[in-house]
Amino acid sequence: MNEVFTLRRQVEFNHCDPAGIVFYPRYFEMISATVERFLADEVGIAWADMDFLAGAGTPLGEIEARFHAPSRLGEMLDLSLRVERIGRTSFTARIDCACNGESRFTCRATMIHANTNAGGSVPWPDAARAHMARYLISETQEQDKKSA
């Protein structure tokens, strides 16, 4: 079984609507934070170290989310990231969010390694690809999840 990167977050007041549940756009901020921490902590590409003026960036290319149950103020959420696909200039992550084992949402997000000044994508460094590969979902894992 390949590795899973997990970021634990508490649902804070600023995440919630007046009913005390997470307002769905706040989940996208949590997704972004999970990807940011994954890239910095596991892949070695920290957004804080990128030369944005030179055009370095990892913009979001595509995102798809499915919400399963509400999250409430004070709950602890585990956002678990695995890599579905590593391309030459992008990677697709699957993020599963749960609270005490109960699924709250699932997400698929594709990040592009880019030079925004040039207006195009650039290949991932080999070292980054190698780090991402540790989190790559195998075909066996995918088949096991579908049959569960």
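## Reading contacts, charges and rings in a predicted model

Q: What should I know about the model before I go on?

A: This is a predicted model, where local features need pLDDT of at least 70 and side-chain atom pairs count only at pLDDT 80 or more, while totals for chains, interfaces and linings use all residues. Residues are numbered from 1 along each chain as its sequence is written, and side-chain values use heavy atoms, with hydrogens and water left out.

Q: Where does glutamate 75 sit?

A: Elements first: helices (H or I, at least four residues) and strands (E, at least two) are DSSP runs, numbered from the N terminus. Glutamate 75 is in the loop between S3 and S4. Its C-alpha lies 8.3 Å from that of glutamate 12, although the two are 63 residues apart in sequence.

Q: Is glutamate 75 buried, partly exposed or exposed?

A: The general idea is a scale: buried means under 20% relative accessible area, exposed means over 50%, and partly exposed is in between (1.4 Å probe, protein chains only). Glutamate 75 has 21% relative accessibility, so it counts as partly exposed.

Q: How do I read a salt bridge, and how many are there?

A: Look for a side-chain nitrogen of Lys or Arg within 4 Å of a carboxyl oxygen of Asp or Glu. By this rule the count is twelve. Take arginine 8 and aspartate 78, whose closest N and O atoms are 2.7 Å apart. That pair links distant parts of the chain, with arginine 8 in strand S1 (residues 5-10) and aspartate 78 in strand S4 (residues 76-86), 70 residues apart. Arginine 8 is partly exposed because its relative accessibility is 48%, and aspartate 78 is partly exposed too, at 22%.

Q: Which salt bridge partner does arginine 82 have?

A: Arginine 82 pairs with aspartate 96, and their closest N and O atoms are 3.0 Å apart. Arginine 82 lies in strand S4 and aspartate 96 in strand S5 (residues 90-99), so the bridge ties together parts 14 residues apart in sequence. Arginine 82 has 14% relative accessibility, so it counts as buried; aspartate 96, at 15%, counts as buried as well.

Q: What does glutamate 84 meet?

A: The side chain of glutamate 84 meets that of arginine 108 in a salt bridge (2.7 Å, N to O). Arginine 108 is in strand S6 (residues 102-112) and glutamate 84 in strand S4, so this pair ties together parts 24 residues apart in sequence. Arginine 108 is partly exposed at 31%, and so is glutamate 84 at 24%. Salt bridges with shared partners join Glu64, Arg82, Glu84, Arg94, Asp96 and Arg108 into one network.

Q: How do I spot aromatic pairs, and how many are there?

A: Rings of Phe, Tyr and Trp (its six-membered ring) pair if their centres lie within 6.5 Å; planes under 30 degrees apart count as stacked, over 60 as edge-to-face, and the rest as tilted. The whole structure holds ten such pairs. Phenylalanine 28 and phenylalanine 67 make an edge-to-face one, at 6.4 Å centre to centre and 80° between the planes. Phenylalanine 28 is in helix H1 and phenylalanine 67 in strand S3, 39 residues apart. Ring pairs also link Phe23, Tyr24, Tyr27, Phe28, Phe67 and Phe105 into a cluster.

Q: Which residues form the nonpolar patch on the surface?

A: Patches are made of residues with over 30% relative accessible area and no salt bridge: like charges are joined within 9 Å, nonpolar side chains (Val, Leu, Ile, Met, Phe, Trp, Tyr) within 5 Å. Here Phe23, Tyr24, Phe28, Leu60, Ile63 and Phe67 form one, with about 550 Å² of accessible area together (Shrake-Rupley method, 1.4 Å probe; for residues, only the protein chains shown count as cover). The largest share, three residues, comes from S3.

Q: And what about the inside?

A: In soluble globular proteins, nonpolar side chains tend to be buried together. A nonpolar core is a set of buried Ala, Val, Leu, Ile, Met, Phe, Trp, Tyr and Cys residues joined through side-chain atoms within 4.5 Å. The largest one here has 34 residues, and those with the most contacts inside it are Phe38, Leu39, Leu77, Leu81, Phe91 and Met132. H1 gives the most to this core, with eight residues.
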